[in-house]
Amino acid sequence: MQKLLLLARPSSLALSIQVALFLSVPAFAQSSPSIQTNTEEQAKLVPTAPTVKTLSTINVTGNRPTSIPSYIPTTIETITGQEIAEKINATDAEDALKYFPSLLVRKRFIGDFDHAVLASRASGTGNSARSLVYADGILLSNLPGNGANFTPRWALVTPEEIERVVVLYGPFSAAYPGNSVGAVVDYVTRMPTQFEGHASAGYFSQPFKQYGTHATYSGTQFSASLGDKNGAFSWWLNANRLDSEGQPIAFATMSLSQGTAGSNGLAVSGAVASLNQPNEPWLILGDTNQNNTRQENFKAKFAYDFSPTLRANYIVGIWQNNDDRASNSYLQDATGNPVYSGNININGRQYSLSPTDFNISRASLVHIIHGASIKTNTRGNFDWEIAASLYDHHKDLSRQALLAIPAANNGGIGRITDQKGTGWNALALKGVWRSNENADSTGGTHLLDFGLQRDSFKLRTRVSNTSDWLNGAAESRFSEFRGDASLTSAYAQDTWRFADAWRVTLGGRLEQWRASNGAISNASSTVNLDSRREFAFSPKAAIAFQASRDWVVKALLGRAVRFPTASELYQGSISATSIVNNDPNLKAEKSWTSELSAERDLGGGTLRSTLFFEDTRDALFS
């Protein structure tokens, strides 16, 4: 894949049919930024470096946990919390990415929690595992799987706590696994320096007209937070609630060729004639998957400064969601009653509606996240960090009706999908060594980032039959699949300033991937799958040249190895003894990405031209 991008950063501009009103009490105090670039080292390379963004690299000097290494050779874009508040009508964390170049979040409606995939310049919305999302160094990417159903856990970041969002393009930092081949997003949130409070209330409404659906969908959002700093101890609490009605996101259809000429079946009206993607005639029978999601989120952050250069952090978040998905039939009988199933007749052609053509379902989820870290920030010769996090699907139930509306509205047979036990945990040991002439400076000849990391992912899914899809218990097993995947890594990356205008970065990442505990079941049998283990090495290289006061040129090369997720290996079914819809023997996806970039400081903005090339073998798509 080869693309040429010519980019000038414009002022934010949005056109939307959604109307929102937000009332807020601003913070009484703002904390100082955690990412600074006006250091002595940056000044040597970029004489006119602006406060927020340099033309080459970013230096991280804050002592809160963050996934960003000390120096990053790749293309970087940032936005501050103040800019988000002034330029973006942000209802959630993904809105902060709305105007980033070469990024797209597939957010279908406010509160979209299971299809809001992040797509980057070389990865589409079907490849959620080709990007990484962090919040203060805690992994939010849903890497037990890949695809539209495995979206980042955006709800665990609220817009008012964002201090800065940093986006890194491409797999050019050894500090990240091969999932960084598209982009890395890091939300850096702030801690208070004195007492502060926030409150906001929002209302939004959307008129929607498509085929036979003419309706208005609306919602409300409420948020409140408090924070303070008392001596060495600081804390921040937030609670928010979202009640959102989304527009229908799918339609029930039948191609004209599915019908047969005749007079049998119930005569109905209301179907909308249209053409499908291959330009063949079909009928739109009604809308489906109209979501009403009600989400509550609580988050607490605590920090303690043992000394001016040593800080401990702890974060806990609880996200609860109750989601109803409804369907609406356009079809009516002679007396005007809606028709949802059975044999029907449309304009002299007979069709058969199954009970699930107009499906309804409900979901109830409770997810919990923990994160802890301890980190030094001496800005001398050596600093270190230890960070750990856990994300747990404490409750994850989805209930689906198997009989037709209107009977399904009162219960009846169905299926329950239980994903309790799915989740991930991460442990990272990081260090940075600076060969400084002056111990209190971040400058020097060499700057070495290194670390050890372990990420572990679990997938647990059981589908059960039930006699009451609304309130009944799980009964007989319909299907089940499970599996684990882990990645243990060591990395090192050295940045060498060998002349005033030149900087070169060389690094590598050694990884051991392991897949285990894989099993797939149908109603009566189980197939256990063998464990696998593989090794990979990913080299990285970059060079930056400050051509003049306002121009910088960079060339980058990096390899990324994206190992299969547990869902790609194990989320399938068995028919007799054959495995269907998954492949436990998938190879790892291997990519080489190169980039040549020229960037000019315009004073009030930047102009960047980037040529990048990606060569991917054994590509994985879901």
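These are my notebook entries on a predicted model.

**Entry: first sheet**

I began with the strand order. Five strands make an open sheet, ordered S5-S10-S11-S8-S9, and the pairing is mixed. I then looked for the edges. Strand S5 (75-80) and strand S9 (138-139) each have a single partner strand, so one side of each is left without a neighbour in the sheet.

Next I followed the pairing of S10 with S11. Strand S10 covers residues 162-169 and strand S11 covers residues 183-189. The two run antiparallel and are joined by 7 bridges.

**Entry: nonpolar cores**

Which residues touch the most other members of the largest nonpolar core? I found Leu97, Val165, Val167, Val185 and Tyr187, out of 49 residues in that core. S5, strand S8 (131-135), S9, S10, S11, strand S20 (310-329) and strand S23 (361-376) each supply at least two residues. S10 gives the largest share, 6 residues.

Setting aside residues up to four places away in sequence, Val185 touches Leu97, Leu103, Leu118, Leu132, Val133, Tyr134, Val165, Val166 and Val167. I also logged a second, separate core of 19 residues. Its members include Leu283, Ile344, Ala401 and Ile405.

I turned to Arg190. Arg190 sits in the loop between S11 and strand S12 (196-210). Is Arg190 buried or exposed? Its relative accessibility is 4%, so Arg190 counts as buried, the cut-off being under 20%. I looked for a polar partner and found His198, with a side-chain to side-chain contact of 3.1 Å. I also noted Lys301, which is 111 residues away along the chain from Arg190. The C-alpha atoms of Arg190 and Lys301 are 9.6 Å apart.

Asp383 came next. Asp383 belongs to strand S24 (residues 382-401). With a relative accessible area of 5%, Asp383 is buried. Which side chain makes a polar contact with the side chain of Asp383? I found Arg434, at 3.0 Å. I then listed the contacts of Asp383, leaving aside neighbours within four places in sequence. They are Thr376, Asn377, Thr378, Lys430, Gly431, Val432 and Arg434.

**Entry: aromatic rings**

I searched the whole structure for aromatic pairs and got 14. I opened the pair Tyr391 and Trp424. The ring centres are 4.4 Å apart and the planes are at 5°, so the pair is stacked. Tyr391 lies in strand S24 and Trp424 in strand S26 (residues 423-434), so the pair ties together parts 33 residues apart in sequence. I checked burial for each ring residue. Tyr391 is buried at 2% relative accessibility. Trp424 is buried too, with a relative accessible area of 2%.

I also found a ring cluster. Ring pairs link Trp496, Phe498, Trp502 and Phe545.

I then looked for charges over rings. Arg121 lies over the face of Phe612, 4.2 Å from the ring centre. The charged end of Arg415 sits over the ring of Phe478, 3.6 Å from its centre.

I traced an open sheet of 4 strands, ordered S16-S22-S21-S17, with mixed pairing. Which strands stand at its edges? They are strand S16 (260-261) and strand S17 (266-267). Each has a single partner strand, so one side of each lacks a neighbour in the sheet.

I looked at S16 with strand S22 (residues 349-353). The pairing is antiparallel, over 2 bridges. Ala261 stands opposite Arg349 in S22.

**Entry: pairings around S27**

I finished with strand S27 (residues 446-466) and its antiparallel pairings. How many bridges does S27 share with strand S25 (residues 414-418)? I counted 5.

The bridge partner of Leu427 in S27 is Arg454.

Strand S28 (residues 477-499) pairs with S27 over 19 bridges, again in the antiparallel sense. Here I noted Leu452, whose bridge partner in S28 is Ala490.

Definitions and conventions: Residues are numbered from 1 along each chain as its sequence is written. This is a predicted model: local features need pLDDT of at least 70, side-chain atom pairs count only at pLDDT 80 or more; totals for chains, interfaces and linings use all residues. Side-chain values use heavy atoms; hydrogens and water are left out. Two strands pair if DSSP finds at least two bridges between them. A nonpolar core is a set of buried Ala, Val, Leu, Ile, Met, Phe, Trp, Tyr and Cys residues joined through side-chain atoms within 4.5 Å. Buried means under 20% relative accessible area, exposed over 50%, partly exposed in between (1.4 Å probe, protein chains only). Contact means heavy atoms within 4.5 Å. A polar contact is a pair of N or O atoms within 3.5 Å; within protein, one must be able to donate a hydrogen and the other to accept it, and residues adjacent in sequence count only if both atoms are side-chain atoms. Rings of Phe, Tyr and Trp (its six-membered ring) pair if their centres lie within 6.5 Å; planes under 30 degrees apart count as stacked, over 60 as edge-to-face and the rest as tilted. A charge sits over a ring if NZ of Lys or CZ of Arg is within 6 Å of the ring centre and within 35 degrees of the ring normal.
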